[in-house]
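Open your viewer and keep the selection panel handy. We will go stop by stop, and at each one you will find something to select and a note on what is there.

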Amino acid sequence: MEFFQAIFNMSGASFAQHMVNGISLGSLYAMIAIGYTMVYGILLMINFAHGDIVMMACYFAFFGITVFNIPWYLTFVGVIIATALLGVVIERAAYRPLRDAPKNSVLISAIGASFLLENLANYLFSGRPLRFPNIEFLAQNINIAGVQVQAISLVIPVVTILCLVVLLHIVNHTKIGMSMRAVSKDYEIARVMGINIDNVISITFAIGSILAAIGAIMWGIRYPGITPLLGVMPGLKCFIAAVIGGIGNIKGAVLGGFILGLGEILIVAFFPQLSGYRDAFAFIVLIIILFYKPTGLLGEKTTEKV
Amino acid sequence: MTILRTDGITMRFGGVVAVNNLQIDINEHEIVALIGPNGAGKTTAFNMITGVYTPTSGNVIYTDAAGNDIKITGKKPSAIAKLGIARTFQNIRLFKELSVYENVMIAKHLHLKADFMSAALHLPHYNAEQRQAEAEVEELLKKVNLWDLREEQAFSLPYGQQRHLEIVRALATNPRLLLLDEPAAGMNPKETDELTEFISQIRDEYNLTIFMIEHHMDLVMGISDRIYVLDFGQTIASGTPLEIQNNERVIAAYLGVEEDA
Amino acid sequence: MANKRNLILTIILLAAFFALAWYVNFETDSYIRRVVNLCMVYAIIGLSMNLTNGFTGQFSLGQAGFMAIGAYVVGIFTVPVALRPAVFYAAPMNPLIADIYMPLWLALIIGGLLAALVAFMIGTPVLRLRGDYLAVATLGFSEIIRIVITNAQSITNGALGIKDIPPLNDVRYIFAFTAVIFVFITALINSSYGRAFKAIREDEIAAEAMGIDLFKHKCLAFMISAFFAGIGGGLYGALLGTVDPKNFLFTLTYNFLLIIVLGGMGSITGSMIGAVLVTAGLEFLRVFDEPLDLFGMAIPLFRPGFRMVIFSVLLMVLVLFWRHGIMGTREFTWDNFFAFCKNPFGFFGRKGAHKA
């Protein structure tokens, strides 16, 4: 322990604390990054609104529990369903009509959708920060071997891994999963083979939004301040996480999420004077990855036909 | 004198070998054709020469006007264009929404001597250069009867004229070596004859060397000095049109099929 | 000769606008002056964004960051030296710069140059990226610039912002900058380089094959865009009289996105029109941010934030149903104008009339 302290100028207990925080944050990033990577894999577009969906899910939870006093377990189910619906609605309204339009138009539409959600939240719920409902048994602190952790910090990675296992099963061992993989490999051929592209895309958005909702709930318990712009930075970072892991690759998104989450926490832990710049970490990693391995850690090389 | 040669270039995409150990020699002022069935790797070869792809192995060597050998493998397409190699594309790549005139004027940019600020401020020496370029562009467009259509957007032209425009655009870069990727695609016999005339003309008038991919055998046999035949990424024959026409391997692989009317 | 005629007409038009600026400056109230000034500043920044996004086809979302650089250079160097210690009350200003004072025009230019330099540093890794990646990366860097500003307490006063900037409300001054920038960008677009930018937008692979160095030209467009965004940001800061990191959130960039989409991505005159409409619209729509009384009943629909909801809906509607905007890639040119006068209805039949 003293050896540890001497090298890292930090106690073992402190370090363990940071590791737990890092893994939690990494899991949350992973949950959100999966949504980005799945949509990009199929539509080759960035769903700018994805981060804002996380934000809306937090507000839904707030309204369910704090305003309408619905028990938390029912609210959470409601939040997941509502967020999934929101994701699908955005796809139908903002992206589907532009499927044959030039790429820039879809990009602008995605930005517009994101902007609209943020302004809507600001207008409907006012800009002042609200407090995510307190779920006592999850928010309480537990003492493990001298380290103080919030119960939720232990729950988050477990839930994340569970979701990942279920998702990979769906993608690799079910018919719908096969359709999704087919569409992401070759859009045109999949359509010609009789796959209902519209349904596959809607389901992809729904799944991404469900994961975002679960992530949002866990995020809200862990970081209870809710504002209309809460989804922006995490959204950007999670897209970067997806790129780091290899855009289109689900496992890559998870890997990227953990790299960014752990990295962000540990850098600030070891260099507290840099804490103001913690958000810059993700972008620096992005630049490095784009220079040295632009297809991402688990990604495949593709060449454009000229 | 050789103007371009490849010393066994190979292109691998993952597990697929698109071009295998291609060795080509092109001499100045020749018209050399590259033929072969679809998917043989012809456009890939073009892309390797013009810098769009970097060969997995092997080198492309270009000889400039002064006789210097320059290794152009791995250079950017814009650098290769500046050295004097221009090209057209199999699926026409005009600047669709820009006018006919702008399409060709853009090709004059690479030789701009005036610096950025002079250009932005339209200083006199820049203006003089532009007038010279405009005169050259006018001459080129008149040659293919596109001068009257110069304000039209490129995509609105009939197909045959789009192909002509692409060739003239490439010519505007003042190349020494011109690569044409299926210039006669989609043309009827009369148009193909006119194109054959045209290619012959520009070769003489602009002192060009021409390397072309083509499927129209009238054009190929009528105008080429030499032909390379590619199949599955490999050269299966090379020689004069007469030699190729009588080559059994070629006939078996390719010429036995009636070419498209 | 048509070009001589066009040049004279343009000079006359600019002189007329300058006279109008003079009039607005002295004969109207300060509210109108402020709106007109804001219109022009927004036009400058909209133009700068159109240069990369509309003309070169590089989707950059970094304008807010470059504006911030320009605004902070103005903020740091134009506050009278005597007033600075009061502004930098939490932590003293960095001694290296504490005594340097610059007149506004110099600060504007230096701000622009600094923004261009930062654009070069960002551009080198980022401009190799494709469409959506470029958007995310520039968005991210815009935020990082803001983060750096928020943390560099001794230089920028951090989250406290800088106040007591000598306020600028001379309409003629801002008009002069706007006119010069407008003329420069028009000249640039109508030059060989402008054509190269458009070629990159239309087809990068073909542009490269015609000898256009993609990276060099993208970087050039990016740097020029940042330069003018920096000047615009500096003017913005001078207009407001204070600068604050919160003023330069990336959401500010979305205003300019709306301007160029509305005006037409790829049209200079379109951006000017878009800037006027959006700025005026933003002001006019303020009325929706206040509770509205109709027949004695308070309508709860109208409260703070509604204005921006309307704006975001507008952006969505535009991109879904009218993505070419008002001008598309067309320009208002004298030739077009006279052709229109001669034959108003036939004019719109010909698609895509634009300057060669």
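The tour below starts with a sheet in chain B, moves through that chain's domains, and ends in chain C.

Before selecting anything, note that this is a predicted model, in which local features need pLDDT of at least 70 and side-chain atom pairs count only at pLDDT 80 or more, while totals for chains, interfaces and linings use all residues. Residues are numbered from 1 along each chain as its sequence is written, with chains lettered from A and ligands numbered from 1 in the order in which they are written.

**Stop 1: the open sheet of chain B**

Helices (H or I, at least four residues) and strands (E, at least two) are DSSP runs, numbered from the N terminus. Two strands pair if DSSP finds at least two bridges between them. Select E2, E1, E4 and E5 of chain B: in that order, the four strands make an open sheet with antiparallel pairing. Strand E2 (16-27) and strand E5 (69-71) of chain B each have a single partner strand, so one side of each has no neighbour in the sheet. From one strand to the next, the twist averages 20°; axes are lines fitted to C-alpha atoms, for helices over the stretch in contact, and angles run from 0 to 180 degrees between N-to-C directions.

Now zoom in on strand E1 (residues 2-13) and strand E4 (residues 60-63) of chain B, which pair antiparallel over three bridges. Here B:Thr6 has B:Val60 in E4(B) as its bridge partner.

**Stop 2: strand E8 of chain B**

Select residues 209-213 of chain B, strand E8. Are they buried or exposed? Five of the five residues are buried, that is, 20 or more other C-beta atoms (placed from the backbone) lie within 10 Å of their own. B:Thr209, B:Phe211 and B:Ile213 are on one side, with B:Ile210 and B:Met212 on the other.

Next, show the partners. Strand E3 (residues 31-35) of chain B pairs parallel with E8(B) over four bridges, and B:Val32 stands opposite B:Phe211. E7(B) also runs parallel to E8(B), joined by five bridges; there B:Asp181 partners B:Ile213.

**Stop 3: two domains of chain B**

Colour domain 1 (1-84 + 175-261) and domain 2 (95-174) of chain B separately; these bounds come from an automatic or database domain assignment. Their C-alpha centres lie 26 Å apart. Eleven residues of domain 1 are in contact with nine residues of domain 2 in chain B, where contact requires C-beta atoms, placed from the backbone, within 7 Å.

**Stop 4: where chain C meets chain B**

Show both chains: the contact takes 26 residues from chain C and 34 residues from chain B. Which element gives the largest share of the chain C side? H10(C) does, with seven residues.

**Stop 5: helix H6 of chain C**

Finally, select residues 104-126 of chain C. At 1.5 Å a residue (times one less than the number of residues), the 23 residues of helix H6 should span 33 Å, and the end C-alpha atoms are 32 Å apart, which agrees. The buried residues of H6(C) include C:Ala107, C:Leu108, C:Gly111 and C:Gly112.

Methods: Buried ≥ 20, exposed ≤ 12 C-beta atoms within 10 Å, placed from the backbone. Contact = placed C-beta atoms within 7 Å.
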